[in-house]
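Subject: Structure handover

Hello,

Here is the structure I promised you. Please open it first, then read my notes below.

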Amino acid sequence: MNLNTIFKAQSIVLLINAIGGLFLTTTFLEAANFTVTSDMITLGQFMGTTFLILAIWSWRLPDVVGESIKSVGMLFAIGGLLWTIIIGYHIAIGAAAGLTAYANIILTAIFALGFYFYSRS
């Protein structure tokens, strides 16, 4: 495994989240134990679009940044850590639960660690 593989794998997970947020919004939000309202659907679709943008960036960045890949990987490690913390906090206070929350905290933590360990000089 290498840093490029981690970027590509994260891109696939982000794409799955994008599809859930954009096209399966109600199911996606209910799986996280959210009460679905029209406002939540709007927010879910916005998040889905954001996940799609991040998926594209994650897929393309290794090719675009070239020799700076380790620096970008470390930025993704920090972002993954922040996501892991906020998802963990939301699980701890009962604001999020279910398969979506638990799968995302595990995958996000794995990606954060992967980006960190493969980005060290």
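H4 passes H5 in a left-handed crossing. Helices here are DSSP runs of H or I with at least four residues, numbered from the N terminus. Left-handed says that the near helix is turned anticlockwise from the far one by less than a right angle.

Before more detail, some ground rules. This is a predicted model, in which local features need pLDDT of at least 70 and side-chain atom pairs count only at pLDDT 80 or more, while totals for chains, interfaces and linings use all residues. Residues are numbered from 1 along each chain as its sequence is written, and side-chain values use heavy atoms, with hydrogens and water left out.

**H4 and H5**

The axes of H4 and H5 come within 8 Å and cross at roughly 155°. (Axes are lines fitted to C-alpha atoms, for helices over the stretch in contact; angles run from 0 to 180 degrees between N-to-C directions.) That makes H4 roughly antiparallel to H5. The cut-offs are under 35 degrees for roughly parallel, over 145 for roughly antiparallel, 65 to 115 for roughly perpendicular, and oblique for the rest. On the H4 side, the contact includes Trp83, Thr84 and Ile87. On the H5 side, it includes Asn104, Ile105 and Thr108. Contact means heavy atoms within 4.5 Å. By class, this H4 and H5 contact has 15 nonpolar, seven polar and one charged residues. (Ala, Val, Leu, Ile, Met, Phe, Trp, Tyr, Cys and Pro count as nonpolar; Asp, Glu, Lys and Arg as charged; the others, Gly among them, as polar.)

H1 and H3 have axes that come within 7 Å and cross at roughly 160°. That makes H1 roughly antiparallel to H3. The crossing of H1 with H3 is left-handed. Their contact has twelve nonpolar, ten polar and two charged residues.

H1 also packs with H4, at an angle of about 40° and with the axes 11 Å apart. H1 and H4 are therefore oblique to each other. Again, the crossing of H1 and H4 is left-handed. Leu3, Asn4, Phe7, Gln10 and Leu14 of H1 meet H4 residues, among them Phe76 and Trp83.

**The pockets**

A pocket is found on a 1 Å grid over the protein atoms alone: it is an open set of points where a 1.4 Å probe fits, with protein on both sides within 12 Å along at least five of seven lines, and lining residues have an atom within 4 Å of a point. Grid points are joined across faces, edges and corners, and a volume is the space filled by probe spheres set on the points.

The largest pocket has a volume of about 630 Å³. It is lined by 26 residues, and Met47, Phe51, Trp83, Ile87 and Asn104 are the closest to its centre. H1, H2, H3, H4 and H5 each give its lining at least two residues. That lining has 19 nonpolar, seven polar and no charged residues.

The second largest pocket holds about 230 Å³. Among its 13 lining residues, Ile16, Asn17, Phe28, Thr100 and Asn104 lie nearest the centre. H5 gives the largest share of this lining, five residues. The classes here are eight nonpolar, five polar and no charged.

Find Asn33 in the loop between H2 and H3. Its phi is near 70°, a positive value in a residue other than glycine.

Best wishes
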